[in-house]
Amino acid sequence: MSTQTVKAFGTDAPTEELKPLPIERRELTAKDVEIDILYCGVCHSDLHTARNDWGGTKYPSVPGHEIIGRVTKTGNDVADFKVGDLVGVGCMVDSCKTCSSCQQGLEQYCLNGFVGTYNGKDKHLGGHTFGGYSEKVIVDQDFVLRVPENLDAAAVAPLLCAGITTWSPLRHWNVKEGSKVAVVGLGGLGHMAIKLAKGLGASVTLFSRSSNKIQDAKDLGADDVVISTDAEHMKSVLGKFDLIVDTVPYLHDVNPYMATLGVNGTLVLVGYLGDLDEIVNTVSLIRSRKSIAGSLIGGIAETQEMLDFCGKHNIVSDIEMINMQDINGAYERMLRSDVKYRFVIDMKSLKN
Ligand code: NAP
Ligand code: ZN
């Protein structure tokens with residue numbers, strides 16, 4: 001298959017900084033959409049992957065899975081998109097489309113493994129996929145999302161990962177008017193969880209380590225903020241919540257949060273991957289029928305549902321725009337939780 005070389009930013013090794021790194025993109029097939037990338041959000045998963053935190057990163061690595069752009073070409077079989085459309089691409093660019101998960105619109109749980117937007121197995125060129133820190137991307141039409149034109153396109157980018165990753169558990173656990181939701185960690189995912197849960201009519205509490213995020217959380221819509229390092233403060237919300245969305249990226253003890261769930265409550269982990277720090281005490285699980293669950297991004301139809309909901313309710317991410325060349329500094333700031341609340345790369349900076 002012939003290819004085209006496009007500009008991108010990536011890294012050759014876990015300890016190296018990101019730098020200009022041209023990549024090959026496939027030529028358009030009949031089912032593909034070619035997208036000129038305008039903006040790409042910076043997810044903590046980009047950093048985990050670039051630095052091989054989870055193991056399994058293939059190098060060179062080009063992260064980026066919160067992609068917004070305009071359609072520049074469409075394959076012969078593409079009916080739903082045309083040149084000029086504003087579109088998005090999230091964490092997946094393909095799946096088997098035939099297994100029971102895919103058939104139910106749960107492509108993220110594809111039994112044969114979905115193809116990640118980066119570090120996935122490239123079915124067309126062999127090797128691995130490259131993400132959105134690049135000029136353009138070619139994507140199967142079934143994995144392209146429509147972006148509401150009434151929203152600020154740059155601020156929509158984080159919805160493609162941070163938005164859907166928090167929307168999916170809110171919907172799965174049926175959050176609605178009157179639900180009591182808590183969110184752990186005010187970062188990219190956390191701030192979207194607050195906005196989306198509020199949009200669905202829930203009352204929302206933020207658990208944060210940091211008292212200097214209280215006002216911001218309230219401005220984002222949180223009804224209450226509890227400082228998770230303050231044991232007395234934690235006691236004030238014992239047994240309160242129906243659902244807790246835990247976005248913390250690193251090892252932590254979930255027991256203090258479990259205690260704040262009510263009967264039938266669920267704590268859903270979306271951040272940290274790996275063994276939990278402390279043994280989870282089962283007494284309150286059994287005595288109050290509580291659950292601990294996990295959740296991965298969301299399916300394509302569900303992502304479209306979330307984007308349409310955001311279009312209707314005017315929900316976008318709070319962003320700090322950066323140039324592609326600023327990415328290494330942005331990673332350091334993200335590690336210090338010093339971002340309000342998502343970096344988005346203006347891809348013009350890569351093209352110039
Ligand atoms: P982020 O912007 O860095 O936010 C994480 C927040 O967690 C921080 O702002 C901080 O909030 C809190 N935090 C950070 N380190 C902590 C620690 N050691 N202990 C306790 N709290 C800590 O990250 P993000 O982009 O939202 O991503 C969060 C995690 O979700 C990452 O691990 C990412 O890989 C993962 N992720 C998962 C999915 C999925 O499908 N499940 C999708 C996307 C991302 P406070 O300062 O308020 O405490
Ligand atoms: Zn992500």
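This is a predicted model: local features need pLDDT of at least 70, side-chain atom pairs count only at pLDDT 80 or more; totals for chains, interfaces and linings use all residues.
The sulfur of C310 lies 14 Å from the closest cysteine sulfur, in C161, too far for a bond. A disulfide needs two cysteine sulfur atoms within 2.5 Å.

Residues are numbered from 1 along each chain as written, chains are lettered from A and ligands numbered from 1 in written order, and side-chain values use heavy atoms, without hydrogens and water.

Buried means under 20% relative accessible area, exposed over 50%, and partly exposed in between (1.4 Å probe, protein chains only).

| Cysteine | Relative accessible area | Class |
|---|---|---|
| C310 | 0% | buried |
| C96 | 22% | partly exposed |

Now the metal site. Which residues coordinate the zinc ion (ligand 2)? They are C43 (SG), H65 (NE2) and C161 (SG), at 2.0 to 2.2 Å. Donors are N, O and S atoms within 2.8 Å of the metal (3.2 Å for Na, K and Ca); water is not among the atoms, so sites may look incomplete. Along the chain, the donors of the zinc ion follow the spacing C-x21-H-x95-C. C43 sits in the loop between strand 5 (32–42) and helix 1 (44–50), and H65 in the loop between helix 1 and strand 6 (67–74), so the pair ties together parts 22 residues apart in sequence. Helices (H or I, at least four residues) and strands (E, at least two) are DSSP runs, numbered from the N terminus. Both C43 and H65 are buried.
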